[in-house]
Amino acid sequence: MLNRRDFLRFCGAMGAAVSILKADAVERVAEAAQSVADRSPEEVARDEFFWREVQLAFKLDRTLINLNNGFTCPTPRVALEAVWRYMDMINMLPVHYQGMIARNVETIRLRMAAEFGCDPEEMALTRGASEALQIVQNGIDLKSGDEVITTEQDYPRMLTTWDQRMRRDGIKVTRLQFPVPTTQDDLYQRFEKAITPQTKVFHFCHITNLTAQLFPVQRLSRLARSKGIVTIVDGAHALGHFPFKLRDLECDAYGVSLHKWLLAPIGNGCLYVRREMIPRFWPLQAAPERQDADIRKFEAIGTHPWAIRAGLGEALAFHQAIGAERKAARLRYLTLRWANALKKHPRIRILSSLKEPPETWGVAAVNIEGIDVRDLARFLMDKYRIIAVPLVGGAPPNPVFDYQALRVSPNVYTTLEEIDTFVMAMEDALKGGVPSNLAAARRGPVDGVDWTDII
Ligand SMILES: Cc1ncc(COP(=O)(O)O)c(C=O)c1O
């Protein structure tokens with residue numbers, strides 16, 4: 001039974017549900033946020049009326065349960081419509097409007113820098129994290145024998161980039177292994193012990209794309225700096241997911257996929273480079289010498305769709321309307337809901353930290369003893385239409401690890417019903433087992449999806 005306060009809020013939410021279909025989602029969500037401003041993020045995380053507002057800001061296919069938001073996410077309609085608008089506008093007279101939008105997008109640089117805590121002159125806008133990270137990975141001078149220390153659980157494309165430099169320049173790449181979940185101290189010590197006189201670069205994830213293992217970025221950056229080592233941090237999954245300020249990390253470079261947790265239109269990413277370090281990295285596409293210390297040298301990629309970058313402005317406004325703390329608390333609430341429900345079963349193993357203070361928000365990994373995770377993923381899709389990615393270690397240059405897990409990543413538009421369906425499906429698998437079809441799974445895609453491409 002609803003009490004009066006809940007009832008009023010419910011009426012407000014229903015009114016909003018109707019008007020949100022026509023009006024500006026950013027405004028509606030900001031109004032909802034205003035109405036809960038006196039409550040803690042943890043309290044708002046449990047307020048379904050508030051999250052209903054957020055859910056309605058998206059056009060989704062709810063016939064499927066999407067628990068693979070770690071790959072890429074739908075952007076809210078307000079940002080998608082902005083892309084269409086800018087596309088239309090530019091297309092009227094590209095030679096005129098393209099340049100104009102390019103200049104106007106400087107306002108997005110300012111807003112991104114203010115939101116995520118750096119100088120605007122340290123913020124480059126890119127097409128994704130692969131581009132951002134490869135700019136610095138390929139752009140740093142390294143000679144034969146120089147060493148890069150990274151991990152076996154870094155992103156495949158980034159490991160492949162170092163592998164290519166190994167083949168091209170004769171550098172040495174050391175890949176550290178670690179158990180999951182592990183502690184910040186353990187990760188720190190593994191890097192510290194691995195340093196040699198030849199070590200020139202540390203490259204690691206802020207949180208991994210596998211089990212979302214959190215790394216002690218500031219401590220590792222300080223250690224690196226004290227020894228003249230450059231830190232490149234893969235923040236593909238971190239920015240817009242849980243709150244922190246870039247400058248507090250003290251790393252040298254940080255690459256992000258904005259189409260993941262910031263919910264920006266696909267084709268958006270960013271690269272933070274500490275100001276003094278900008279001249280140390282060559283851009284991917286050549287720039288004039290006068291731009292050596294200019295962050296914009298990393299952005300020159302020729303003619304490209306500026307409308308996508310312009311749409312980032314609305315995604316950022318949407319993120320700000322929800323509020324970074326509220327968003328992180330909700331993502332954690334969704335994760336704890338399924339993880340706490342499942343962990344009581346003796347055959348369930350959670351491979352992400354659930355401890356306090358939080359180190360896990362919207363991404364966590366789980367497995368069921370005795371069931372191959374590829375069979376489990378196929379079962380979830382076939383019987384329950386749930387999309388979640390099976391993680392299985394590969395061979396170099398891809399990540400090498402010895403566990404199997406299902407990565408579960410809901411988002412701000414995920415409903416409690418969807419989470420509970422996932423719990424029910426996992427309990428079904430625990431109780432009745434799942435059909436084994438490993439030979440088919442190894443042969444290729446489940447329902448047209450090639451898992452190796454979507455983590
Ligand atoms: C850890 C990590 N790094 C880098 C990337 C590449 O990001 P993008 O697809 O934006 O190029 C991903 C994408 O999934 C990732 O998970």
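How many salt bridges does the structure hold? This is a predicted model, and the structure holds 28 salt bridges. Side chains of opposite charge can pair when their charged atoms come close. Three of these pairs are described below.

Start with Glu106 and Arg296, whose side chains form a salt bridge with an N to O distance of 3.2 Å.

The next pair lies within one helix. Asp163 and Arg167 form a salt bridge in which the closest N and O atoms are 3.2 Å apart. The two are four residues apart in helix α9 (residues 156–169), which means that about one helical turn separates them. Asp163 has 19% relative accessibility; because buried means under 20%, this residue counts as buried. Arg167, in contrast, is exposed, with a relative accessible area of 61%.

The last pair is Asp420 and Arg337, with the closest N and O atoms of their salt bridge 2.7 Å apart. This pair links distant parts of the chain, since Asp420 is in helix α16 (residues 416–432) and Arg337 is in helix α14 (residues 324–342), 83 residues apart. Asp420 is partly exposed, with a relative accessible area of 33%, and Arg337 is partly exposed at 29% relative accessibility.

How values were computed. Residues are numbered from 1 along each chain as its sequence is written. This is a predicted model: local features need pLDDT of at least 70, side-chain atom pairs count only at pLDDT 80 or more; totals for chains, interfaces and linings use all residues. Side-chain values use heavy atoms; hydrogens and water are left out. A salt bridge is a side-chain nitrogen of Lys or Arg within 4 Å of a carboxyl oxygen of Asp or Glu. Buried means under 20% relative accessible area, exposed over 50%, partly exposed in between (1.4 Å probe, protein chains only).
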